[in-house]
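Me: I would like to go through some of the structural labels here and ask what stands behind each of them. Please set every value against its definition.

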Amino acid sequence: MAKLVMQLDELSCPSCLQKIEAAVEQQVGVKTVKVLFNASKVKTEYDETATNPEQLAQVVTNLGYTVQNIKVK
Amino acid sequence: MQIQKWFQQHKNHIALVSGLLIAGAYGGHWFGLPNGFMNSLLVMASIIGAIPIMLQAYQALKVKVISIDLLVSIAVIGAFIIGEYHESAIVTWLFLFGGFLEQQTLKKTRESIRFLAAMAPQTAVKIVGPDQFKTVAVDEIAVGNQVLVRAGAQVPVDGQVVAGTGYVNEASITGEAQLITKSIGAAVYSGSVVDNGTITVVANQVGDDTAFAKIIELVEDAQDSQSTAERFIDRFATYYTPAVLVLAILIGLVTRDFKLAITILVLGCPGALVIGAPVSIVAGIGNGAKNGVLIKGGEVVNTMAGVDTVIFDKTGTLTQGKMTVAQVTSFTADKNAALAIAAAVERQSDHPLAQAIVTYVAQQSLAATPKITDSQTVKGLGIQAVIGQQTVRIGRAKLLTQAGIVLTQDQMRAIDGAQKAGQSIVLVAIDQQLALLIGVADTLKPDAAEMVTALQQNGVKRLMLLTGDHDQTARNIAQAVGIPEYHANLLPAEKVVFVKKAQAQGQTVAFVGDGINDSPSLATADIGIAMGAGTDVAIETSDIVLMQSTLTELVKAKQLTRRTARNLRQNIVIAIGTVALLLVGLILGKVQMASGMLVHELSILVVILNAMRLIK
């Protein structure tokens with residue numbers, strides 16, 4: 001189980017939050033997702049054998065949001 | 001994917017273009033240009049404005065989320081089909097423009113955290129070899145690496161000084177803008193600034209593990225941690241949007257009134273409802289962070305607002321937690337000369353009482369110049385020294401009586417009084433005369449007494465002092481502060497019992513403490529409040545941290561949470577009120593699609609503006 005924090009460009013609509021949360025949650029291997037609306041961050045716990053940070057960042061990018069940086073813990 | 005990003009980034013420009021087209025359309029109409037001109041401009045505005053909204057709606061739908069964008073998209077398409085180009089153009093424009101305004105106003109409410117994050121160090125000067133330095137990003141520094149911090153630069157890691165001396169400003173950690181000397185062996189923290197000098201630091205904690213990064217994370221998490229009210233609204237909104245969609249379809253099918261159906265779609269957008277509660281919390285917590293009050297979450301705000309019982313630990317919480325001179329009574333003609341002698345002698349000792357006296361004399365700007373020719377410690381009693389022709393004895397009464405010094409009635413009374421006030425007494429005798437009586441005590445924080453009144457004005461009904469100290473000291477402190485209820489000689493577990501008892505009586509209890517021994521009570525109380533200068537355990541266990549360890553911050557925490565909770569309730573009322581109002585307007589036939597959208601966007605602005613009052 002690994003922890004990933006993605007810093008996004010500023011989020012301004014609450015429905016963005018729902019969307020990102022739902023999209024990342026549906027990925028295989030993702031255990032928990034929390035979108036910090038005000039900090040514009042996505043925090044997720046995932047199984048590193050099933051997915052990887054780049055793939056998860058791609059999911060967010062595909063929704064039309066810019067991922068500024070990724071940090072794996 | 002690139003297209004979406006482009007639209008996402010240019011949403012504001014699109015809103016502008018769409019707005020200009022609408023203005024052009026109405027302007028042309030006013031100047032008597034044909035209807036075809038106006039309609040074609042409105043059609044263009046609708047299409048341009050609808051594209052980003054529809055893309056958003058589609059993206060959401062792909063991950064099975066029915067979003068507000070979808071409601072608006074369907075409504076716009078519907079209006080388009082029935083030829084209501086005014087409606088479709090204005091609704092899309094208002095929706096985009098509303099988003100822009102939201103973004104701008106949210107920026108304000110988020111400013112405090114951005115300000116904090118911007119203070120985090122970005123680069124470090126890594127020592128790669130003897131006299132070899134390399135500037136790297138802070139992320140590249142590992143535990144054990146050595147970094148050089150020059151004057152004007154930020155300390156990039158938490159660590160220990162291994163070479164050099166510098167004056168460091170730790171305001172970002174403690175909130176106290178004071179220069180502290182740091183030399184070999186001293187601990188330094190990431191985010192503090194070296195004002196003068198150059199130090200070499202070995203990293204103990206880096207990146208997200210530093211104390212500063214943890215403060216930022218704490219605030220970030222807190223701003224996004226939801227209160228019960230927020231969670232309810234969130235869940236509500238998730239079902240609410242699809243429900244509006246279903247309702248609109250049903251009404252459309254039953255009444256065959258297509259226009260009514262799409263109006264319902266627009267009116268059903270849950271704008272202010274979704275954003276109302278979070279903006280209040282963010283603004284409130286942000287204000288706290290700026291003023292040294294770290295509040296760990298939305299739920300904490302609500303609970304703290306309702307606290308009616310505050311229980312205090314004594315040492316380090318109500319008092320400074322260190323010995324200071326409380327009084328000096330002089331029995332000699334030249335008090336200052338005697339003090340200078342006392343300081344000169346006491347400088348030989350590292351006893352806490354001696355140090356308190358040295359510090360006190362230094363604060364009075366008296367120089368401890370007298371030269372000591374001989375000094376010896378009398379175990380358990382004090383210190384005896386020779387200065388010039390004089391013999392000086394400093395310590396307990398017994399040291400003096402043993403040397404044959406006789407105390408007068410007046411002197412005995414003064415000693416008795418100081419003892420009753422809970423002070424430790426240091427007597428200074430020069431030759432065979434008692435010169436000074438110095439009372440040393442752990443003094444109250446200067447803002448303690450005002451704090452009690454301020455808390456009572458803010459809804460606190462019961463105040464209590466719990467301490468492991470003696471009854472006499474506890475009584476003195478409680479009386480001095482104005483706390484009617486106190487219990488002394490308590491073990492940590494016994495403090496918890498008092499907390500639980502108050503809770504059992506239906507009171508909402510906040511416990512204020514700083515030590516490891518307070519942690520059980522901090523955890524048990526409804527709200528645990530830790531002093532920033534306190535132990536890590538206490539800070540971790542608590543719900544609120546007072547960074548500068550002042551009691552003024554405690555009052556601030558209480559006032560702020562009360563204001564925030566009130567603000568949050570107002571926002572919920574505004575949001576629900578708007579929906580109700582629109583519904584009534586719709587039934588009465590007074591609300592159209594575009595005007596409904598306008599009211600919606602306005603209500604979003606109103607809740608954000610209302611929350612912004614909390615920033616000040």
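Me: What is the bridge partner of Gly159(B) in β6(B)?

Reply: In β6(B), Gly159(B) has Val188(B) as its bridge partner. This is a predicted model, in which local features need pLDDT of at least 70 and side-chain atom pairs count only at pLDDT 80 or more, while totals for chains, interfaces and linings use all residues. Residues are numbered from 1 along each chain as its sequence is written, and chains are lettered from A and ligands numbered from 1 in the order in which they are written.

Me: What makes β4(B) and β6(B) a pair?

Reply: Two strands pair if DSSP finds at least two bridges between them, and strands are DSSP runs of E with at least two residues, numbered from the N terminus, as are helices, which are runs of H or I with at least four residues. Strand β6 of chain B covers residues 187-188, and two bridges join it to β4(B) in the antiparallel sense, so the pair meets the criterion.

Me: Which other strands pair with β4(B)?

Reply: Strand β7 (residues 193-205) of chain B is antiparallel to β4(B), residues 158-169, over 11 bridges, and Val168(B) has Val194(B) as its bridge partner there. Strand β5 (residues 179-182) of chain B also runs antiparallel to β4(B), with four bridges, and in β5(B) the partner of Asn169(B) is Leu179(B).

Me: Why are β8 and β17 of chain B called edge strands?

Reply: The open sheet of seven strands in chain B has the order β8-β20-β19-β18-β9-β16-β17, with mixed pairing. Its edge strands are β8 (293-295) and β17 (485-487) of chain B, each of which pairs on one side only.

Me: Why is Val361(B) called buried?

Reply: A residue is buried if 20 or more other C-beta atoms, placed from the backbone, lie within 10 Å of its own, exposed if 12 or fewer, and partly exposed in between. Val361(B) has 24 other C-beta atoms within 10 Å and is therefore buried. Val361(B) is located in helix α14 (residues 352-363) of chain B, and its C-alpha atom is separated by 8.9 Å from that of Asn336(B), 25 residues apart along the chain.
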